[in-house]
Amino acid sequence: MTKFSRRRFLLTTSAAALLTQTVNHRSTSGSTFAQLKSGVYAGESDTPEVQKATLGFIAVTSCSPLIIAKAKGFFAKYGMPDIQVNKQPSWAVQRDKLMLGSPDGGLDGAHLLFNMAYLIATGEISYRRKIPMYILARLNVNGQGISLANAYKELNLNLDSSALKSIFKQKALAGETVRCAVPFPRCTGDFFMRWWLAYGGIDPSRDLSLVTMPPPQMVANMRAGSMDAFSCVDPWHQRLLQKGFGYSTVTTGELWNNHPEKALVMRGEWVDKHPKAAKAMLAAVLEAQMWCDRPENKEEMFQILSQRQWMGVKIDVIRDRLLGKIDYGNGRVVENSPHAIKFWRDSASYPYKSHDLWFLIEDMRWGHRSPEFETKPLIDAVNREDLWREAAKLIGQEKAIPPSTSRGVEKFFNGLEFDPENPQAYLNAPTIRKVG
């Protein structure tokens, strides 16, 4: 069990300003956008302050709502025709451009690992610069997985990784380094890899090297034989299988069904300056999420996503898993998986505050954050579910608004439970499973 640092998180003046920042941009008209034609509205008070913003995305399936919002004209429908949606090479580059902002050649917002919004807001991954970030929507739930190199194919692993324990130990004794890759530290892919290893009695902090790299490099390293396992989002597992370099052990939905994933994250100052534009943009993304989940739209979605300026991959790489067909590459195939990626169904879009609390507590479990850290002020500053509710009303989806900002008790594959009303119990639970 990792020992927690007892150093209390000290708030600087700028951090305190972030945690107490409140945005009072609420719609007073109570009306929806009465559309006359694309980009022109009856109510002047509802007209977006600007028609453009620069958004970034990484070419993985969770980016679909942003791509569809642009390609299908949803941004234009809500008065934001000049929104740019630009592909980025890695999460680290996306972070750096969010730090800059569009006036300096960066981004106003992005399709982002939702945990990163918090780590930028606190300055922990942004070179100690505390930059206010707002989570406006969850873009999807599920959609990740864990894959192993072909060297371990005979083990035919699934949820239980314990067969790797002795093999990893032997490799360490022989002076070899076991490498498992994640797309970014302290985010869901990192935590899921840790969970899966720990469930088999493997200490991810001591028994191997956890490395960070973009998913395309993960597949390349599998081919080169220098990578043992990786955790990332689709479609890179399917690409691995098609190339014959490895196989999938689990989808992350099997570890935690309907777990939170990527988010639409905006720089706080942009939203504060353009609250009507933020609501219009958010309404477009919500409508795109609904579009993405409709079965009759799937084939068109594949055609759009496969285009070079978007994901730039062949349709057969993205189709099956987006349809819920999971081929693990070891003879196991699951049709209509309940753990497939979702963009709108099962409240996939709503940014539950309880999920953000889980992240901060999980961060504590692995020793990254003091257990004494005050979570509520930060969550209230970053999570703008209030804007999501306004946007849902704008598009006539009041019925989709959850009754609470908490999804309730979450249950995981390893027997642990997270109760947002008692996060201390989860924090105190053992991290490493004891196996015989």
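Biologist: Is C232 buried or exposed in this predicted model?
Modeller: The cut-off for buried is under 20% relative accessible area. C232 has a relative accessible area of 0%. Therefore C232 counts as buried.

Biologist: How far is the sulfur of C292 from the closest cysteine sulfur?
Modeller: C292 is buried too, with a relative accessible area of 1%. Its closest cysteine sulfur is in C63, too far for a bond. A disulfide needs the sulfur atoms within 2.5 Å. The separation of C292 and C63 sulfurs is 9.2 Å.

Biologist: How many disulfides does a search of the whole structure find?
Modeller: The sulfurs of C292 and C63 are too far apart for a bond. The search covers the whole structure, and its count of disulfides is zero.

Biologist: How many aromatic pairs are there?
Modeller: Ring centres must lie within 6.5 Å to pair. By this rule the count is 18.

Biologist: Are the rings of W195 and W256 stacked, tilted or edge-to-face?
Modeller: Their centres are 6.3 Å apart. Planes under 30 degrees apart would be stacked, and over 60 edge-to-face. The planes of W195 and W256 stand at 35°, so the pair is tilted.

Biologist: How many residues apart are W195 and W256?
Modeller: W195 lies in helix α7, residues 188–199. W256 lies in the loop between α10 (252–255) and β12 (262–267). Both W195 and W256 are buried. The pair links distant parts of the chain, and the separation is 61 residues.

Biologist: What is the geometry of the rings of W195 and F412?
Modeller: The centres of W195 and F412 are 4.9 Å apart. The planes stand at 55°, so the pair is tilted.

Biologist: How many residues apart in sequence are the parts that W195 and F412 tie together?
Modeller: W195 is in helix α7, and F412 is in the loop between β15 (410–411) and β16 (417–418). W195 is buried, and so is F412. The parts tied together are 217 residues apart in sequence.

Biologist: Which residues do ring pairs link into a cluster with W195?
Modeller: W195 pairs with W256. W195 also pairs with F412. Ring pairs join these into a cluster of F114, Y118, F191, F192, W195, W256, W358, F359, F412, F418 and Y426.

Biologist: What is the distance from the charged end of R332 to the ring centre of Y328?
Modeller: A charge over a ring must be within 6 Å of the ring centre. R369 lies over the face of F373, at 4.8 Å from the ring centre. The charged end of R332 sits over the ring of Y328, and its distance from the centre is 4.0 Å.

Biologist: How far apart are the end C-alpha atoms of α7?
Modeller: α7 has twelve residues.

Biologist: How many of the twelve residues of α7 are buried?
Modeller: The buried ones include F191, F192 and W195. D190 and R194 are also among them. α7 is mostly covered, and the buried count is eleven.

Biologist: Which residue with positive phi follows α7?
Modeller: Its phi is near 85°. The residue is G201.

Biologist: What is the strand order in the open sheet of five strands?
Modeller: The pairing is mixed. β9 (209–212) and β11 (246–251) stand at the edges, each with a single partner strand, so one side of each has no neighbour in the sheet. The twist averages 25° from one strand to the next. The order is β9-β8-β10-β7-β11.

Biologist: Which residue of β10 stands opposite S147?
Modeller: Six of the six residues of β7 (residues 144–149) are buried, so the strand is largely enclosed by the rest of the structure. Five bridges join β7 to β10, and the two run antiparallel. S147 stands opposite F230.

Methods
Residues numbered from 1 in each chain as written. Predicted model: local features only at pLDDT ≥ 70, side-chain atom pairs only at ≥ 80, totals over all residues. Heavy atoms only, no water. Phe/Tyr/Trp six-rings, centres within 6.5 Å; stacked < 30°, edge-to-face > 60°. Helix = DSSP H or I, 4+ residues; strand = E, 2+ residues; numbered from the N terminus. Buried < 20%, exposed > 50% of the residue type's maximum accessible area, 1.4 Å probe, protein only. Lys NZ or Arg CZ within 6 Å of the ring centre and 35° of its normal. Expected span 1.5 Å × (residues − 1). Pairing = 2+ DSSP bridges. Axes fitted to C-alpha atoms, helices over the stretch in contact; angles between N-to-C directions.
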